[in-house]
Amino acid sequence: LLHYVTPHRDVLLLAVLLMLVESAMALANPWIAGQVAGILLDESGVLELDLRQLLAIWVGILVAQGLLSFGNRYLLGATGETMLAELRSRLYDHLQSLPLSYYHQRRRGEVLVLLANDAGRVSSFVTGTLVGLLPLAVTFLGALYFLFRIDTTIALLALVLVPVFFVATKLI
């Protein structure tokens with residue numbers, strides 16, 4: 001697997017960086033929403049900005065987050081398809097070098113499934129699951145930090161109940 005990932009490590013690192021910035025912007029959304037709510041409720045906020053400036057910053061963050069998401073999906077899609085093409089080509093070359101007895105021992109569709117589905121799953125694992133773990137962890141830890149700053153009881157409840165929810169959903 002490292003043989004197919006290593007030539008694309010710069011692009012994958014750039015995608016992780018884009019995901020981290022996107023996660024930071026996603027964490028900024030509730031904070032800005034709180035600032036807007038504070039201005040609308042006539043409470044003093046941390047920032048000395050009026051409502052129009054704050055809304056302009058918020059729209060700018062949302063646009064930047066959308067652009068980062070688009071760029072990230074483009075990079076991961078192109079990299080994943082390149083890796084998939086390389087993997088399928090290597091697999092096809094290997095299948096061509098096997099003796100005929102190999103094919104006599106297999107069912108008819110087994111080799112086609114290997115080429116069509118299994119290679120695609122390896123590629124989607126690298127570009128979809130593996131690359132997204134760090135930004136998801138950053139988002140989770142950032143949200144947990146903000147929850148602890150707001151209310152410790154709610155944060156502890158979320159920390160206990162969210163994993164239970166995911167396990168129950170997986171079982172159902």
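Modeller: The account below begins with the core and then turns to the helices and the surface.

The model is a predicted one, in which local features need pLDDT of at least 70, side-chain atom pairs count only at pLDDT 80 or more, and totals for chains, interfaces and linings use all residues. Residues are numbered from 1 along each chain as its sequence is written, and side-chain values use heavy atoms, with hydrogens and water left out.

The largest nonpolar core consists of 9 residues: Val5, Leu12, Ala15, Val16, Met19, Leu76, Met83, Val126 and Val131. A nonpolar core here is a set of buried Ala, Val, Leu, Ile, Met, Phe, Trp, Tyr and Cys residues joined through side-chain atoms within 4.5 Å. Buried denotes under 20% relative accessible area, exposed over 50%, and partly exposed in between, with a 1.4 Å probe and protein chains only. At least two residues of this core come from each of helix H2 (9–40) and helix H3 (51–97), and H2 gives the most, with 4 residues. Helices are DSSP runs of H or I with at least four residues, numbered from the N terminus.

Thr127, in helix H5 (residues 110–130), counts as buried because its relative accessibility is 11%. Leaving aside neighbours within four places in sequence, Thr127 is in contact with Leu12, Leu76, Thr79, Gly80 and Met83.

H2 itself has 32 residues and reaches 47 Å from its first C-alpha to its last, close to the 46 Å expected at 1.5 Å a residue. That expected span is 1.5 Å times one less than the number of residues in the helix. H2 is followed by Asp42, whose phi is positive, near 60 degrees.

Helix H6 (133–150) has 18 residues and reaches 26 Å from its first C-alpha to its last, close to the 26 Å expected. The buried residues of H6 are Pro135, Gly142 and Leu144, and their cover includes H2 and H7.

H6 and H7 also meet the surface in a nonpolar patch, to which each supplies at least two residues. Phe140, Leu141, Phe148, Leu156, Leu157, Leu159, Val160 and Leu161 make this surface patch of about 740 Å². Patches are made of residues with over 30% relative accessible area and no salt bridge, nonpolar side chains (Val, Leu, Ile, Met, Phe, Trp, Tyr) being joined within 5 Å. Accessible areas come from the Shrake-Rupley method with a 1.4 Å probe. H7 gives the most to the patch, with 5 residues. Leu159 lies in H7 and counts as partly exposed because its relative accessibility is 36%.

Ile172 is in the segment after helix H7 (152–171) and, at 88% relative accessibility, counts as exposed. Ile172 and Glu81 are 91 residues apart in sequence and 33 Å apart in space, C-alpha to C-alpha.

A search of the whole structure finds 1 salt bridge, defined as a side-chain nitrogen of Lys or Arg within 4 Å of a carboxyl oxygen of Asp or Glu. Glu110 forms a salt bridge with Arg106, and their closest N and O atoms are 3.7 Å apart. Glu110 is partly exposed, at a relative accessible area of 37%; Arg106 is also partly exposed, at 30%.

Methods. Patches are made of residues with over 30% relative accessible area and no salt bridge: like charges are joined within 9 Å, nonpolar side chains (Val, Leu, Ile, Met, Phe, Trp, Tyr) within 5 Å. Contact means heavy atoms within 4.5 Å.
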